[in-house]
Amino acid sequence: MSNLDLKPTPTPCGGEADSGPIKQLLTGRLVQLGESTEVRRLLPNLGRRMVGAWCFVDHYGPDDITDEPGMQVPPHPHAGLQTVSWLHEGSILHRDSLGSLQPVRSRELGLMTSGRGITHSEESPRQHARFLHGAQLWVALPDAHRHMAPAFEHHPVLPTVTASGLDATVILGTLDGATSPGTTYTPLVGADLTLREGASHGLPLEPEYEYAVLSMTGSVDVDGVRVEPGSILYLGTGRRELPLLARTDASLLLLGGVPFEEHLVMWWNFIARSGEEIAQARTEWMEGSLFGEVHGYDGARLAAPELPPVPLKPRGRVR
Ligand code: MN
């Protein structure tokens, strides 16, 4: 997925984390992606830029796309990050400049590591299921790995954790001793939690991680705070267990990681360390060859928006 804002605002990320457990319920904002897809953007949020290295979270659907093209995101570049495609319903056809042509289906991991630069497109197949429901997430790469060669991984089978009334799929990182095969570059976790109505569970956490939870469907009390689709609950650090009580059948995404200390500049589809790097990446996309080419997408690639008139500067985490 691409950030299709015509005037993307620069987003400073990173910096000092709050210490200790807190509960901060943050409302997402509705963003139009192309002609047919509206998403709930939960990160970055006015109240919180990152959770561990997780720095971008869009939740979309469930949308009835019976008579619609569904998701159609033309070729666009990324740098300095990993993208995670996660679906509950429907599927997305991923193409990239490495030559990947991969359908990503419900509860399969599509993990693209841009490193220094990659181009990809994402589309609902022409013959598609009625509903499209999923999330697009980005993970910031640490400085030591952000210049690496690009890579794409598809993991159709992921480890699961089961408890009474709860089924968890580990998307990235480790949860309760189960580790995803997806490659990570900072200590983090992403997990999909399916809860039956009435289920009550204490989910084991890492005290040095910060965490947040969002609902894909249904209503869950998370440490006593009602979480429903459209918002994300930031939980801070210092927790060994997370109390969950499902008010309805529900599914949650749990995101966590060691607080990301490096200062970043996020602009459009790039993550860098300075405004100059962002401007270089934009020029490279418009005029250069670094990002490569996607083959087989029926349509033109995306043009980069204009840079904002003020210089982009990396800053610490601010509210
Ligand atoms: Mn993308």
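Start by selecting F56 and W138: F56 is buried, and W138 is buried too. The model you are looking at is predicted.

**Stop 1: a stacked pair**

Keep F56 and W138 on screen. Their rings are stacked, with 4.0 Å from centre to centre and 15° between the planes. Now colour the two strands. F56 belongs to strand 5 (residues 54–64), while W138 is in strand 12. The pair links distant parts of the chain, 82 residues apart. In total, the model has seven aromatic pairs.

**Stop 2: H133**

Stay on strand 12, which covers residues 131–140, and pick H133 within that strand. Is H133 buried or exposed? Its relative accessibility is 1%, so H133 counts as buried. Next, show the side chain of H59. A polar contact of 2.9 Å connects it to the side chain of H133. The residues in contact with H133 then include Y60, G61, P62, L87, H88, E89 and T217.

**Stop 3: helix 1**

Move to helix 1, residues 275–287. Which residues of helix 1 are buried? They are G275, I278, A281, R282 and W285. These cover an arc of only 120° around the axis, so they lie on the same side of helix 1. Turn to the other side of the helix: E276, Q280 and E287 are exposed there. Now find what covers the buried residues. The cover includes strand 6 (72–78) and strand 11 (118–123), along with strand 25 (264–267) and strand 26 (270–272).

**Stop 4**

Zoom in on W267 and W268. Both W267 and W268 are buried. Their ring centres are 6.3 Å apart and their planes meet at 55°, so this pair is tilted.

**Stop 5: charges over rings**

Go back to W285 and show R301. The charged end of R301 sits over the W285 ring, 3.7 Å from its centre. Finish with R48 and Y234. Here R48 lies over the face of Y234, at 3.6 Å from the ring centre.

How values were computed. Residues numbered from 1 in each chain as written. Predicted model: local features only at pLDDT ≥ 70, side-chain atom pairs only at ≥ 80, totals over all residues. Heavy atoms only, no water. Helix = DSSP H or I, 4+ residues; strand = E, 2+ residues; numbered from the N terminus. Expected span 1.5 Å × (residues − 1). Buried < 20%, exposed > 50% of the residue type's maximum accessible area, 1.4 Å probe, protein only. Arc of directions from axis to C-beta. Contact = heavy atoms within 4.5 Å. Polar contact = N/O pair within 3.5 Å; in protein donor to acceptor, adjacent residues only side chain to side chain. Phe/Tyr/Trp six-rings, centres within 6.5 Å; stacked < 30°, edge-to-face > 60°. Lys NZ or Arg CZ within 6 Å of the ring centre and 35° of its normal. Lists of a residue's contacts leave out its neighbours within four places in sequence.
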